[in-house]
Every structure is written in structure tokens, then in C-alpha cells.
Amino acid sequence: MCGISGIIDHHPVTRNLVTSIANLEYRGYDSCGMALLNGKGIEVRKNTGGVQEVRSREKLDNMTGNLGIAHTRWATHGGVTPENAHPHLSQSGDFAIVHNGIISNYQKLRESLIGEGIEFRSTTDSEVFVNLVEEAYEQKKDVLGAFLEALKQIQGTYSIVLLSAHDPENLYCVKQDSPLIIGLGEGCNYIGSDINAFLEHTRKAVVLDDGEFAVISRDSYEISDVGKREEREKSILQIDWDTETTKKGVFSHYMIKEIFDEPQTARQALDVPQEQISQLVEMFQNAPRAYLMGVGTTFFICQMAQYLFSSLSQRYFPAISADEFNGVVPVVSDDLVLAVSQSGETFDTKFSLNSAREKGARTAAIVNVMGSSISRLVDHVIMQGSGPEICVVSTKAALAQALLLLRTALELGFREGCLDSSTLRDHVQELETFPELISKLLNEKSGFLRNLARTTSSVQNWIFLGCGIYFPVAMESALKMKEVTYLHAEGMPAGFLKHGTLSMIEASVHSLFFIPPPADVELHNRTMIAIEEIKTRGGTLVGLHFEGDSQAASLLDHAVALPEVPLLLAPFVEMILAQMFAYYTALDLKRNIDKPRNLAKSVTVG
Ligand code: G6P
């Protein structure tokens, strides 16, 4: 999974190509590069490091040409070296490609090309393809014919863009299991692995489907089926995202900017038309069994939803991590699988959805990115409308997903007779106040959380604990902490602590408790028992609690007191504040917050 960009224009494309891969950097950021075609042929500049680093080191801005391709990499095959960075040139230098995905039969192809005298410069699977194109071109003397001939030989997952010195009028691309989207400009066209590649220039896009290739010129484009080679009519997607939301503004990192976007994101989730929620509710009602599926943060959002469905609508829909889904869920015809995915491109989620479909399941999804694979794969999609989320770790998109699932559980609860109309109305009113409530809390509590983070940033081992729905909140918050601070943070149910982990407790091990309001009597009592267990054994206690909770306040070593909020909203409030705590801890530790090491935002490989 990497960021791919291509631009063909009547004007120089250098600056726009650099910006484009900078905007895609969240897809991978261990190396990057660009290839431009100019009067002298194809020039490639690439290296290891982030876009700004490579930009100045390799003087990317000095490149010239009015068509080119670019790439930002998250290594899969081949280490992080300048040679393995994309674009890759063919032996003669007349062809260049950028590739996302994995060519699974590359070893065999590579050996046979080496036998024919081709010298490989990298250890990637991708370099094989560009040499196959060149080899085919020598026979056919036709770039498109050579591209298609080379495609016949490769297996695996890929999106590829080809630039050829033999054809300054076109870029060529193909999609198979890795996303690729064409952006339509005026006198110029764009290609991107997602819409952020060209969002600054156009809001019109065409999404390629698997098995389609495109020939793209400055003023036109043609999309065809790889197998039949027949042209396909495709609809144009109008992108309604606001480019302002991709700007960091006064904030020093996207993560904190996106946390402060949450009042707006919550509003957008509440504004998603009720009919879309109702359609999903009907799918739950009609399915003999239903499953919730996501991975990473979205898995924990599904786990939160599991509790919401259970408490509000008395239905049990298990949440399963998408990477394990196939191994454990015996899906049968008419079951419902609801996937949650910010990017809509995560391989594990897409793969499990596809196999559930093959077994006859109905599918639905909550997705943020328009035109993404998952949004187009399922029977019913709810677009969460959170706008671009740039920081690799998910904050505002996760909150919106949780709220959409809460709305679904409320309506299902009402339809199933678990909630009467006045209770439903009260909850809906509470939800309406939520955006303003978050806005107030973020402003009021950021100072406290920053101080707490300063005090505790040297802690090496964290245990995050909660009961009931606060358990997935603890899990998600621990993941956030790990992702962005690189510290060890282990989430678990508070009641589980005594079954083993208690042996770790000593003063240096800090426990962060997600404490429900005292009015949530049963959950509060269970949480307090675990707090006492740690207190007695000399562990250090940190906690988020609500005002009036003197019992918790008296036991905690470090406490953040929150104003009283409706019980329904309390877990979401704590989740948001834990995002902020992870951010400030990472800030204190000077981590690479928006692009944590080894991670990428959308993991499109298995
Ligand atoms: C990657 C990211 C995680 C994210 C997960 C799911 O692993 O590093 O932060 O939660 O993918 O992504 P999705 O786009 O499917 O929500």
C-alpha cells in the first residue's frame, strides 16, 4: 500500500506532482520519487525518506515535463533503499512505472528476465513489470499493446501507472485489487491511488474497477476491460469534500487538528439521513445472524457497537477483527456482515467481505472515503461524511462511525420494542447536544490532559481498563497510545485484570481507568473493584471520571474530572479525551505524530 499519482497536462506538472504525493504521504512514507518525461527522455529522482526530505535532497522541483508519475512507498517486497523506491525504470530507460500491491509470481519472472540479460537495480517485485513491458514493446512497437501483453504475465494485486518515452501523449494505468481513481481536469487529467492525489485540482473523478485499464491523455480518457479489451462507460463521481479540511491551519499536527474537528464530524454523522440508517436497521432485522467487522480502530468501534446493540436493542451482533473473520465465522446465506472502514480499502476487511458475499451473505458498510472499494462492494453503504482524515491514526472518523452505530442501535431498539418513543426522543435530543458538548470539553480539558501527559510521559508500561462499553473504549485508547507514542499500552476489561495481569502491578506500572458516571451503578461498582485491587498492590492509578465521583477521586493518583454528561454519551466523551491524552504524550516524546513509524493509514495488503 503506497500512494500513487500521475498527471498529464499542457503545462509543467512538477509542482503539482510533488504536492500530490505530499498529500498521499499517509499511505506510506518510507521513500518516494517522481518520473517526468521531457525533451531528453524520462528522468527519475527518488530516495528514502518523506516527501519534503526527498524533495529538497533530490531537488524534485528542478525536474521538468508536462506528464509524469510519482509514488510514496510503504515497503512490502524489498527493503527501504533508494533503489527500491519507485518509480522503476526499464533497462533502456524508456519506460517507468509506479506500482501499488504485490506481484505474486515476480520471482519466476525475474529469473527468466535475468536469463535474458536484464540487470535488475532493485529487489522489488515491481521492477519486473516495467521490464516485461519493454520486452513486449520490442516485438510490438506499440505501448498499449506492450502494456497489455505484460499484464497477461503477472499475477497478484496491483494498481500500476506507466509512463513511456515512446508516447508523450498518454499515461497508461491498470487496476486489480488495489485502488486507482482518475481525476478529470480541464486540459489535464490525474491518476491517484485515492482522491487526495488530486482533490486540490478537481472534484470530478472516475473510479476504476478491478480488471480495467485506462489510457489517459490531456483532454480525454478511455477505460476498457483488460480481458475483453472493450471500452466501458463509467459514471463520474462528484466529490463533495472540502479541501479546507485537508489543511492543518493553526495546529501543529493533523492529529490534534482532527481531534478539534470532532464537533463538526459528530454533526456530520448526525446529519446522515435517517433513511440510510433505517435501511441498515432493516438489514439487521431481516438477517438470521449479523456480524460487525473492522480492523485496528474500526474493530474497537465495532466492539463498542456490540455493547450498544446489546443494551439498546437487546440483540447480540458479535464484533470480529477482519483479519480473523474468515477463520472463525461460518457465514451462511442471508447473514449480514457490516464492515466499518475509514479508508474503505483495508485488505483484511475487503477480503473477508468478499468471501462472505461469495457465501451468500448480505453486506453493508460504514465508510469515509468516497469511491473506495468497500463503499462500492456492499449492498448498502453509509458514507460517514467526515471529510479527509490525514493523520495515520484515526480520531474524528472513528467517532463518527461510533455515532452512526449508536443511531442504528437506537432505531433498532425502538423497532424491536426495547425503547419507547419518549426514551428514543430523549436519546436523540441528547445526541443533538453532543457536538457542542465535545467542543466545550476539548477546550476545557486540553490543558489538564497536556499537564497529565507531561507528568506521565516517562511511563513505559500502561494498562488501560474499563468495564462494559468502556472496555472497547480502553482497548481503542490503548491502541491509540501505542500507535502514536510507541509505548506499551495494554487494554483489557477491568474484571479481567485479577486473572493474571495483576502480577505485573507495581508503582512504575500505570493503569488508566475509564470510569463510568456513578449513576451507571453496576459498571461503576465493577470498575471501582479493579481500582481497589490495584491500589492495594501499590500500582499507580490514573483515571477519567465524572464530577461528583468522590469515591474514584479519592483513590486516583492522577485524575481528570469531567462534567456530568448523559450516560449514553459518557463513553464517547472518554474516548475523545483519551485520543487527546495520547496526542500530548506523543508530543512530549517528540514522536512523528501524524506518521508514526512503521505504520500506514490504509493497509491494502494482506
Ligand atoms: C491500519 C491503520 C489503523 C486503522 C486500520 C483500519 O492498520 O494503521 O490506524 O485503524 O488500518 O483502517 P480502516 O481504513 O479500514 O478503518
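I take buried to mean under 20% relative accessible area, exposed over 50%, and partly exposed in between, with a 1.4 Å probe and protein chains only.

Basis of the entries. I am working from a predicted model, in which local features need pLDDT of at least 70 and side-chain atom pairs count only at pLDDT 80 or more, while totals for chains, interfaces and linings use all residues. Residues are numbered from 1 along each chain as its sequence is written, and side-chain values use heavy atoms, with hydrogens and water left out.

Entry, salt bridges. I counted a salt bridge wherever a side-chain nitrogen of Lys or Arg is within 4 Å of a carboxyl oxygen of Asp or Glu, and by this rule the count comes to 28.

Entry, Arg 289 and Asp 335. I found the side chains of Arg 289 and Asp 335 meeting in a salt bridge at 3.2 Å, N to O. The pair links distant parts of the chain, 46 residues apart, with Arg 289 in the loop between α8 (274-286) and β15 (290-294) and Asp 335 in the loop between α10 (322-328) and β17 (336-341); helices (H or I, at least four residues) and strands (E, at least two) are DSSP runs numbered from the N terminus. Asp 335 counts as buried, at 0% relative accessibility.

Entry, Asp 379 and Arg 362. I noted a salt bridge between Asp 379 and Arg 362, whose closest N and O atoms are 3.6 Å apart. Asp 379 lies in the loop between α12 (373-377) and β19 (380-383) and Arg 362 in strand β18 (residues 362-367), so the pair ties together parts that are 17 residues apart in sequence. Asp 379 is partly exposed at 38%, and Arg 362 is partly exposed at 41%.

Entry, Glu 149 and Lys 140. I found these two in a salt bridge with the closest N and O atoms 3.9 Å apart; Glu 149 is partly exposed at 24% relative accessibility, and Lys 140 is partly exposed at 42%.

Entry, a network. I traced salt bridges linking Asp 209, Glu 212, Asp 225, Arg 232, Lys 234 and Arg 376 in a network.

Entry, Asp 9. I looked up Asp 9 in strand β1 (residues 3-9) and found it buried yet without a salt bridge, the nearest side chain of opposite charge, Arg 218, being 6.2 Å away; for charge, Lys and Arg count as positive and Asp and Glu as negative, while His and the chain ends are not counted. The side chain of Asp 9 reaches the backbone nitrogen of His 11 at 3.2 Å.

Conventions. A polar contact is a pair of N or O atoms within 3.5 Å; within protein, one must be able to donate a hydrogen and the other to accept it, and residues adjacent in sequence count only if both atoms are side-chain atoms.
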